[in-house]
Amino acid sequence: QVQLVESGGGLVQAGGSLRLSCAFSGRTFSSYAMGWFRQAPGKERNFVAAISGTGNVIYHADSVKGRFTISRDNTKNTVYLQIDSLKPEDTADYYCAAGSIARPDAEYDYWGQGTQVTVSS
């Protein structure tokens, strides 16, 4: 059974940076596409970024392009989300997910418990 554990969230001032991590276990990491999603208070969960198992296919949501970067290290079974130039509207719970296809509209089979990011103005 795949398990995903996010970390790296916290309280940060606008303009700052964070790197979120998601540790994967239970199966062969490189066989899974990985995605990041976020859910702001009172809003639906939205796609942020996705990366294929080999890392050669990457998508970022238009709303985060230029500020967010997804990456993975298959030797460490970890996917990352680098977030720069944080804005208050980036405040949300961030979730990683594992699936078979790295696409914004793909369905993901496994989800982490989330890590909270709060950006103060």
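Student: Where is Ser85 placed?

Tutor: This is a predicted model, so local features need pLDDT of at least 70 and side-chain atom pairs count only at pLDDT 80 or more, while totals for chains, interfaces and linings use all residues. Residues are numbered from 1 along each chain as its sequence is written, and side-chain values use heavy atoms, with hydrogens and water left out. Strands here are DSSP E runs of at least two residues, numbered from the N terminus. On that numbering, Ser85 sits in the loop between strand 8 and strand 9.

Student: And what is phi of Ser85 near?

Tutor: Ser85 is partly exposed, with a relative accessible area of 41%; buried means under 20%, exposed over 50%, and partly exposed in between, with a 1.4 Å probe and protein chains only. Phi of Ser85 is positive although the residue is not glycine, with a value near 50°.

Student: Which other non-glycine residue has a positive phi, of about 55°?

Tutor: Look in the loop between strand 7 and strand 8. The one with phi of about 55° is Asn77.

Student: Back to the loop between strand 8 and strand 9: is Asp90 buried or exposed?

Tutor: Asp90 belongs to that loop. Leaving aside neighbours within four places in sequence, Asp90 is in contact (heavy atoms within 4.5 Å) with Arg38, Arg67, Phe68, Ser85, Val117 and Val119. Its relative accessibility is 0%, so Asp90 counts as buried.

Student: Which residue's backbone nitrogen lies 2.8 Å from a polar atom of the Asp90 side chain?

Tutor: A polar contact is a pair of N or O atoms within 3.5 Å; within protein, one must be able to donate a hydrogen and the other to accept it, and residues adjacent in sequence count only if both atoms are side-chain atoms. At 2.8 Å, the backbone nitrogen in question belongs to Lys87.

Student: Which residue does the disulfide join to Cys96?

Tutor: With a disulfide taken as a pair of cysteine sulfur atoms within 2.5 Å, the count comes to one. The S to S distance is 1.9 Å, and the partner of Cys96 is Cys22.

Student: How many residues apart in sequence are the parts that the pair ties together?

Tutor: The link of Cys22 and Cys96 is right-handed, with 45° about the S-S bond. Both cysteines are buried. Cys22 lies in strand 3 (residues 18-25) and Cys96 in strand 9 (residues 92-99), so the parts tied together are apart by 74 residues.

Student: Which residues touch the most other members of the largest nonpolar core?

Tutor: A nonpolar core is a set of buried Ala, Val, Leu, Ile, Met, Phe, Trp, Tyr and Cys residues joined through side-chain atoms within 4.5 Å. The largest one has 37 residues, and those touching the most other members are Leu4, Phe24, Met34, Trp36, Val79, Leu81 and Tyr94.

Student: Which residue stands opposite Leu81?

Tutor: Six bridges join strand 7 to strand 8, running antiparallel; two strands pair if DSSP finds at least two bridges between them. Leu81 touches Trp36, Val48 and Tyr94, among others. Opposite Leu81 in strand 8 stands Ile70.

Student: Which strands stand at the edges of that open sheet?

Tutor: The sheet has four strands in the order 1-3-8-7, with antiparallel pairing. Each edge strand has a single partner, so one side of each is left without a neighbour in the sheet; these are strand 1 and strand 7.

Student: Last one: which residues form the covered face of strand 11?

Tutor: In a regular strand the side chains alternate between the two faces of the sheet. Strand 11 is joined to strand 2 (residues 10-13) by four bridges, running parallel, and to strand 9 by three, running antiparallel. Its uncovered face is Gln116, Thr118 and Ser120, and its covered face is Thr115, Val117 and Val119.
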